[in-house]
Amino acid sequence: MNILDNLKEQGVSESLIRDIEYFRKEYDVKDELKERITKSPAFFIGKDILEMCITGILEEENILLSGPKATGKNLLSDNLSEIFGRPQWNTSFHINTDSASLIGTDTFIDNEVKLRRGSVYECAVNGGFGIFDEINMAKNDAIVVLHSALDYRRVIDVPGYERIKLHPATRFIGTMNYEYAGTKELNEALVSRFLVIDIPSVDEEKLKMILKREFPTIDDEKLLQFIGIFLDLQLKAENGEISTKAIDLRGMIGALKTIKRGLKPTLAINMGITGKTFDIYEKEMVSDIIRTRIPEGWESSDIFPND
């Protein structure tokens with residue numbers, strides 16, 4: 001199934017899908033940049049969230065995806081790049097990310113000083129989708145250079161070089177999670193330049209859909225126990241009893257992959273979930289939750305009986 005068929009399956013408006021197809025035809029992608037168009041390994045599940053993102057992008061808005069851990073913000077960002085058929089440049093913000101990392105820096109090439117383009121510069125001139133991962137970890141001086149690119153002006157002034165006008169297909173997508181260490185409140189001026197979309201925590205129905213799509217041969221009753229582990233841990237974290245380290249959907253999927261390969265379920269879940277926390281007390285709490293769901297005697301064949 002391609003990604004537009006998935007939108008139809010989720011019930012996304014047909015008129016929006018027609019607008020997406022028009023957008024794709026309107027803006028070509030250079031052959032050398034087509035490899036930057038993300039081919040998503042999975043699809044984000046959530047009709048309303050998808051429609052909000054798509055309409056915002058069609059109206060030349062930048063979007064900010066906000067939500068707790070394991071809600072699919074990065075997957076959604078990748079899906080949007082693929083939906084619109086645009087090359088993607090990803091910037092993961094951290095304490096050392098500065099304006100030069102985004103726009104570019106002087107370098108010496110062929111006996112002269114030239115600008116080595118940064119991710120935002122490349123995105124701006126090539127009509128790409130710029131992903132700002134964990135944008136609320138960025139320093140203010142890194143972000144302020146983007147203000148003119150993110151508002152109605154849609155330009156970037158590069159000191160000592162030309163003024164860049166953004167390609168009409170260029171969009172920026174930010175992701176943020178306030179639960180991570182090192183994050184901070186975003187500047188009001190920056191937030192005003194985005195449409196903010198809150199991604200809710202995953203529920204049982206959505207988890208079942210995601211995991212069943214990834215593992216179609218899994219035993220349905222056993223699957224509910226793995227979903228229960230995730231939801232139990234999520235509730236503990238919401239109540240402040242544990243951190244969010246063990247709430248790891250990637251870890252859960254990785255554990256199920258190793259179980260399918262033949263690894264004992266208790267060993268697999270230790271790698272994928274329990275091992276993500278390093279505090280002894282918290283690790284014991286996570287282990288207790290897992291023991292109530294996954295008996296020691298289970299084998300791979302109990303989880304995947306038909307494989």
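Guide: Isoleucine 229 counts as buried, at 0% relative accessibility. The model here is a predicted one. Isoleucine 229 sits in helix α11. Which residues touch isoleucine 229, once neighbours within four places in sequence are left aside? They are Met252, Ile289, Ile290, Arg293 and Ile294. Isoleucine 247 is 18 residues away along the chain, and the C-alpha atoms of isoleucine 229 and isoleucine 247 are separated by 9.3 Å.

Now follow the contacts to a helix partner. How do the two helices lie? The crossing of α11 and α14 is right-handed.

Next, look at another partner of α11. Helix α11 covers residues 220-238, and helix α10 covers residues 204-214. The two pack at an angle of about 125°, with their axes 10 Å apart. That makes α10 and α11 oblique to each other. The cut-off matters here: angles over 145 degrees count as roughly antiparallel, 65 to 115 as roughly perpendicular, and those under 35 as roughly parallel, so what remains is oblique. The crossing of α10 and α11 is right-handed.

Which residues meet there? From α10 come Glu204, Leu207, Lys208, Leu211 and Lys212. From α11 come Asp220, Leu223, Leu224, Ile227, Phe230 and Leu231. In this contact, 7 residues are nonpolar, none is polar and 4 are charged.

Stay with α10 for a moment. Which of its residues are buried? They are Lys206, Leu207 and Leu211. Look down the axis of α10, and these buried residues fall within an arc of 120°, so they line one face of the helix.

Helix α13 brings us back to α11 from another side of the story. It runs over residues 265-272, and its buried residues are Pro265, Thr266, Ala268, Ile269 and Gly272. Seen down the axis of α13, they fall within an arc of 160°, so they too line one face of their helix. What do they pack against? Their partners are α11, α12 (249-261), α14 (280-291) and α15 (300-303).

For contrast, take a buried isoleucine in a strand. Isoleucine 156 is in strand β6. With 1% relative accessibility, isoleucine 156 counts as buried. Valine 120 is 36 residues away along the chain, and the C-alpha atoms of isoleucine 156 and valine 120 are separated by 9.3 Å. Beyond neighbours within four places in sequence, the contacts of isoleucine 156 include Ile103, Val120, Ala124, Ser148 and Leu166.

Arginine 154 is placed in the loop between α8 (147-150) and β6 (155-157). Its phi is near 50°, a positive value in a residue other than glycine. Arginine 154 is buried, with a relative accessible area of 12%. Glutamate 60 has a positive phi as well, near 65°. Glutamate 60 lies in the loop between α3 (47-58) and β1 (63-66). Is glutamate 60 buried or partly exposed? Glutamate 60 is partly exposed, with a relative accessible area of 43%.

Finally, step back to the whole chain. The secondary structure comes to 15 helices and 9 strands. Of the 307 residues, 49% count as buried. Isoleucine 229 is among the buried ones. Take contacts between residues at least 6 apart in sequence: 74% of them join residues at least 24 apart. The C-alpha trace spans about 65 × 45 × 40 Å along its principal axes.

Definitions and conventions. Residues are numbered from 1 along each chain as its sequence is written. This is a predicted model: local features need pLDDT of at least 70, side-chain atom pairs count only at pLDDT 80 or more; totals for chains, interfaces and linings use all residues. Side-chain values use heavy atoms; hydrogens and water are left out. Axes are lines fitted to C-alpha atoms, for helices over the stretch in contact, and angles run from 0 to 180 degrees between N-to-C directions. Helices (H or I, at least four residues) and strands (E, at least two) are DSSP runs, numbered from the N terminus. A crossing is left-handed if the near helix is turned anticlockwise from the far one by less than a right angle, and right-handed if clockwise. Contact means heavy atoms within 4.5 Å. Ala, Val, Leu, Ile, Met, Phe, Trp, Tyr, Cys and Pro count as nonpolar, Asp, Glu, Lys and Arg as charged, and the others, Gly among them, as polar. Buried means under 20% relative accessible area, exposed over 50%, partly exposed in between (1.4 Å probe, protein chains only). The arc is that of the directions from the helix axis to the C-beta atoms.
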